[in-house]
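This report describes the confidence of one protein model and then the packing of its helices. The sequence and the structure are shown first.

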Amino acid sequence: MEGSSLLSLSCSSPSYSSLSFTLSHSSSSSCLLFGKSHLVSLIPRPFTVRTSLRTSTFTVDEALEKPINSESRDMLPKIDKSGRFCSPRAARELALSIVYASCLEGSDPVRLFEKRINIRREPGYEFDKASLLEYNPMSFGRPPVTVQTVEEADELLLTDEKESAIEAEVLAAPPKLVYSKLILRFARKLLVAVMDKWDSHVLVIDRVAPPNWKDEPGSRILELCILHLAMSEITVLGTRHQIVINEAVDLAKRFCDGSAPRTINGCLRTFVNGLEETGLTPA
C-alpha cells in the first residue's frame with residue numbers, strides 16, 4: 001500500500017481515492033510514527049502550529065453524546081435545511097481526510113483545513129447538491145463477489161464506478177458547499193485536538209499497535225491517522241469512548257482493508273483501559 005497503491009480502487013475493497021483531494025507523496029519526507037526505535041523515512045509529522053482549543057467557541061452538540069446503534073444511525077438527519085451534511089460522522093470523515101493528507105504532505109492539518117475551507121472556486125465550477133443525497137457514509141468495503149454472467153459483472157462495475165464518482169465529487173468539493181457550519185467547527189476542533197496530543201499519542205500508539213504495523217508503518221498511514229483522531233477525541237474533546245471507538249471502527253471498515261477494523265478496536269480499548277488504570281477516566 002505504498003505510493004500510488006495508496007490510492008487504488010477495486011470493487012472488492014474500500015477506496016483511498018476519495019481521501020486524496022490534495023495528496024502528494026515525497027520519498028524524502030520522514031515521520032516519527034512510533035517511538036525512537038521506529039523512525040520511519042516515509043511520511044512527515046504534521047508541522048506544528050501554535051493553536052488552542054480556546055480559538056473556537058463551538059460546543060459539541062448533545063447528539064454527539066447519544067449512543068449510536070444501527071437503527072439510530074438511519075434516523076439521524078444527514079442533510080440539514082441548507083442542504084449540507086450535518087452529522088458528526090461527516091465531521092470525523094472530513095477530519096480524517098485532512099490528517100491523512102497532512103501526513104503525506106508534511107503540513108499542519110489545521111492550516112491545511114483552513115486552506116481548503118478558503119480555497120477559491122474555479123471559474124464555472126458548479127456543485128450538484130443532489131449528489132449529497134446519494135452519498136452513503138455507511139458504505140463499507142465488500143468481499144469479492146461471484147457472478148454468473150458478464151452482464152452481472154458489468155452491472156456491478158457500473159454501480160461501483162457510480163458510487164466512486166459520487167464520493168470523489170462530494171469529498172473534493174469546497175467544504176463550505178458540503179458541510180454545515182456546525183460540522184466544520186467540530187472538524188476543526190478534532191484537528192486541533194490531534195495536534196495538541198500528537199507527540200504523546202505517538203508514544204501510546206507505539207505501545208498498543210501490533211508489531212506488523214510497526215514493521216511497515218508506511219502501509220498503515222490511514223489506520224494510524226484513525227487512531228490519532230480517536231484518541232484525541234476521547235482525551236481532549238471528552239466524547240464518550242464507546243461512541244468514538246464505534247466511529248473509528250466504522251471509518252476503518254470504510255477506508256481500510258483486512259483486519260484493520262478489529263485491530264483498531266483492540267488498540268483503542270487497550271488505550272482506554274490504560275487511561276482507567278492511571279486514574280484518567282475516559283469520557
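What pLDDT does the protein chain average, and what share of the residues score at least 70? The model is a predicted one. The chain has an average pLDDT of 75, and 69% of the residues score at least 70.

**Confidence along the chain**

Confidence is lowest in helix α1 (residues 70-75), where the mean is 45. Helix α9 (residues 221-237) has the highest confidence, with a mean of 96.

Two packed helices are described by the angle between their axes and the distance between the axes.

| Helix pair | Angle | Axis distance |
|---|---|---|
| α2 (residues 88-105) and α10 (residues 241-255) | about 60 degrees | 11 Å |
| α2 and α3 (residues 109-117) | roughly 115 degrees | within 9 Å |
| α2 and α9 | about 125 degrees | 9 Å |

Helices α2 and α10 pack at an angle of about 60 degrees, which means that α2 is oblique to α10. Their crossing is right-handed. On the α2 side, the contact is made by R89, R92, E93 and L96. Helix α10 contributes I243, E247, D250, L251, R254 and F255. By class, the residues of this contact are four nonpolar, no polar and six charged.

The axes of α2 and α3 cross at roughly 115 degrees, and α2 is therefore roughly perpendicular to α3. Here, too, α2 passes its partner α3 in a right-handed crossing. The contact brings together L94, S97, I98, A101, S102 and E105 of α2 with P109, L112, F113 and R116 of α3. These residues divide into six nonpolar, two polar and two charged.

With α9, the angle is about 125 degrees, so α2 is oblique to α9. The crossing of α2 past α9 is right-handed. From α2, the residues R92, A95, L96, V99, Y100, C103 and L104 take part. They meet I221, L222, C225, I226, L229 and E233 in α9. The contact of α2 with α9 has eleven nonpolar residues, no polar ones and two charged ones. R92 and L96 of α2 are listed in this contact and also in the contact with α10.

**Aromatic pairs**

How many aromatic pairs are counted in the model? The count comes to two. One of them joins F85 and Y135, a tilted pair with 5.6 Å from centre to centre and 50 degrees between the planes. F85 lies in the loop between α1 and α2, while Y135 lies in the loop between α4 (130-134) and α5 (150-172), so the pair ties together parts that are 50 residues apart in sequence.

Key
Residues are numbered from 1 along each chain as its sequence is written. This is a predicted model: local features need pLDDT of at least 70, side-chain atom pairs count only at pLDDT 80 or more; totals for chains, interfaces and linings use all residues. Side-chain values use heavy atoms; hydrogens and water are left out. pLDDT is the predictor's confidence in each residue, from 0 to 100. Helices (H or I, at least four residues) and strands (E, at least two) are DSSP runs, numbered from the N terminus. Axes are lines fitted to C-alpha atoms, for helices over the stretch in contact, and angles run from 0 to 180 degrees between N-to-C directions. Angles under 35 degrees count as roughly parallel, over 145 as roughly antiparallel, 65 to 115 as roughly perpendicular and the rest as oblique. A crossing is left-handed if the near helix is turned anticlockwise from the far one by less than a right angle, and right-handed if clockwise. Contact means heavy atoms within 4.5 Å. Ala, Val, Leu, Ile, Met, Phe, Trp, Tyr, Cys and Pro count as nonpolar, Asp, Glu, Lys and Arg as charged, and the others, Gly among them, as polar. Rings of Phe, Tyr and Trp (its six-membered ring) pair if their centres lie within 6.5 Å; planes under 30 degrees apart count as stacked, over 60 as edge-to-face and the rest as tilted.
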